[in-house]
Amino acid sequence: MKKQLHNYWRQQAQLVFLTICFVAVAHTTAQGQERMRMWGTPPLQSPKFQASGSGVMMGPNPLLGQRRSEHKRAPTPPTIIANVHNFGHPGWMGSPGSVDALLRVSKSNHEMWYGWEHLDVGELSAKHEANIRIRTPILYLAAYYPLDFNDDQRRIFRDYVLEGGTMLINCCGQAAAFASVQQELAAMFPQHPLRLLPPDHPLYRSQFRIERVNWPSDMTARTMDDDLGALFGFSEIMQDGVDVKNLPRMRAVTIGTRAAVIVSYEDMACGWNQWDNPNVKRYSIQDSTAIGANIMSYVLGEMRYGQFMARTHEISGPSIAPRRQLVFAQIIHGGNWNPNPSGVPYLLRALAETTSLNVRFERNQFELMNPDLFAYPLLYMTGTWDPDLSDAEKAILRRYLREGGSLLVDSASGRLEFDLAFRKLTGELFPEAGLRKLPENHALFKVFHKIETLHVNHEVEPVPPEIEGVFINDRPVILYSPLGLSDGWAPQYSAYARAYESNESLKMTANMIVYLMLTVRESGGG
């Protein structure tokens, strides 16, 4: 009986949804200038507005007796997402029903119990002016219509993201809305492009493994061909047997290694509401629900890392006698060149405290066309996607390395997109040499710390170190780690990083730097 009632009310909710959407669209057509006020259904139940104790399980009042027939009030779930409304144009309610539906599915099917709230863009402004931090992990914007933020609103959203929050923008399958999102994010984050996420991104692995999506049948004739060029660039990362047209197409603005603004051109709200709307470009019901659950898991997993990245980390150097000085010189490039800036001070302190190197506690950053880089015997390079060096930059780097310089490289968070691009780059720089894996008994693993095995994030058992190098006349010109080193320099890093753990990452990096500096000295360089 209970199941029959559940199915009945679900059918009624879907009928209400269809009616509301039909009326809204018809009203828009008839009135011309009138717009829909809401994308999708209203929520089945209003969100709970709680004070600072929201989400804390409270017991019954000890001063009042509780009869056996009384039911204990269920604790309020912690708020994970806010449906932002009144942005773009007055009266726009966003898509609150889809948020409510997604959380209900997550609770019933996946035992993820979270609450949500409404947030007017005016409330965000008031909190920002009062220096009240917005602690809700996700701000959700249903951008059915083009965005048109003012400078204050851009600053509010930008500060929220840089303080560790995550924006989730659903463009509802609308091309004009997606174009406006691209423009607004470029204005907010000019140094951080909005990019398609590669197939191995942790957002597609955080709860469900999403290797492909199944577009609704009415979408096959109008798949978004504009994306195909970028998607074909992921061909080496794809699973065997997956058509590039069936790859998921989530996008993100990446801060550090964290997807801090997550954007979907294709609509997800219809799927969360269990409705196959043939009038919009969308993910299927199953894929929308899986992606939504993954987004929540991913954001929760990255919260500490995002908050850590928001703080400035500066460590002054110890007072030590003059010795051979190491200057940390890092290459600027187009592949997210600075994903772990907070880790550098911790690395420099570890080198100063544990090695005989005289460490200058600053970081110099150079574009490859800067002639000053030839004054430094050691350069560092990292990233999460293709560095995209020009032919001129490749020529400068090749000359630098052939004239006695050395290059230390790691793939931040172990991202495969950077790994594949860097392997291609080394083949172009030194086609006669190429990367080769160092044997476990190589001198590098005992030049300072004795290293036999290392712990990798999320791996149960320690593994032998995985370091590769390019050698010219027996001199190491490049040392490369396909697993993240820079992630582990700091005490807090991405929960999804394929990286060596903190203390062991510092040891491995120290060995690599000491080994390179010794070979520079022996060759008469520096």
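Which residue in β7 does Leu 168 stand opposite? I looked it up, and the residue is Ile 262.

**Entry 1: what I am working with**

I note that this is a predicted model, in which local features need pLDDT of at least 70, side-chain atom pairs count only at pLDDT 80 or more, and totals for chains, interfaces and linings use all residues. Residues are numbered from 1 along each chain as its sequence is written, and side-chain values use heavy atoms, with hydrogens and water left out.

**Entry 2: the sheet**

I take helices (H or I, at least four residues) and strands (E, at least two) as DSSP runs numbered from the N terminus. I call two strands paired if DSSP finds at least two bridges between them. On that basis I find an open sheet of 7 strands, in the order β2-β1-β3-β4-β7-β6-β5, with mixed pairing. β2 (115-120) and β5 (194-196) are at the edges with a single partner strand each, so one side of each has no neighbour in the sheet. From one strand to the next the twist averages 30°.

I then checked the pair from my opening question. Strand β4 (residues 166-170) runs parallel to strand β7 (residues 258-264), and the two pair over 4 bridges. Helix α5 (residues 175-188) packs on the sheet and touches β4, β5, β6 (251-255) and β7. The direction of α5 makes about 155° with that of β7. For such values, axes are lines fitted to C-alpha atoms, for helices over the stretch in contact, and angles run from 0 to 180 degrees between N-to-C directions.

**Entry 3: two helix pairs**

Next I looked at α4. Helix α4 (residues 151-162) packs with α5 at about 70°, the axes being 10 Å apart. α4 and α5 are therefore roughly perpendicular to each other (angles under 35 degrees count as roughly parallel, over 145 as roughly antiparallel, 65 to 115 as roughly perpendicular and the rest as oblique). Arg 154, Phe 157 and Arg 158 of α4 make the contact with Glu 184, Ala 187 and Met 188 of α5, contact meaning heavy atoms within 4.5 Å. I count the residues of this contact as 3 nonpolar, no polar and 3 charged. Ala, Val, Leu, Ile, Met, Phe, Trp, Tyr, Cys and Pro count as nonpolar, Asp, Glu, Lys and Arg as charged, and the others, Gly among them, as polar.

Helix α3 (residues 121-129) also meets α4: their axes come within 10 Å and cross at roughly 70°. α3 and α4 are therefore roughly perpendicular to each other. On the α3 side the contact has Val 121, Leu 124, Ser 125 and His 128, and on the α4 side Gln 153, Arg 155, Ile 156, Phe 157 and Asp 159. That contact has 4 nonpolar, 3 polar and 2 charged residues.

**Entry 4: a pocket and two cavities**

On a 1 Å grid over the protein atoms alone, a cavity is a set of points where a 1.4 Å probe fits but cannot get out, and a pocket is an open set with protein on both sides within 12 Å along at least five of seven lines; lining residues have an atom within 4 Å of a point. Grid points are joined across faces, edges and corners, and a volume is the space filled by probe spheres set on the points.

The second largest pocket holds about 660 Å³. Among its 31 lining residues, His 192, Ile 255, Gly 256, Asn 338 and Pro 341 are the closest to its centre. I sorted the lining of this pocket into 13 nonpolar, 13 polar and 5 charged residues.

I found 7 cavities of 30 Å³ or more. The largest cavity holds about 80 Å³, and its lining includes Arg 195, His 201, Trp 385 and Glu 417. The second largest cavity has about 50 Å³. β8 gives the most to the lining of this second cavity, with 4 residues. That lining has 8 nonpolar, no polar and no charged residues.
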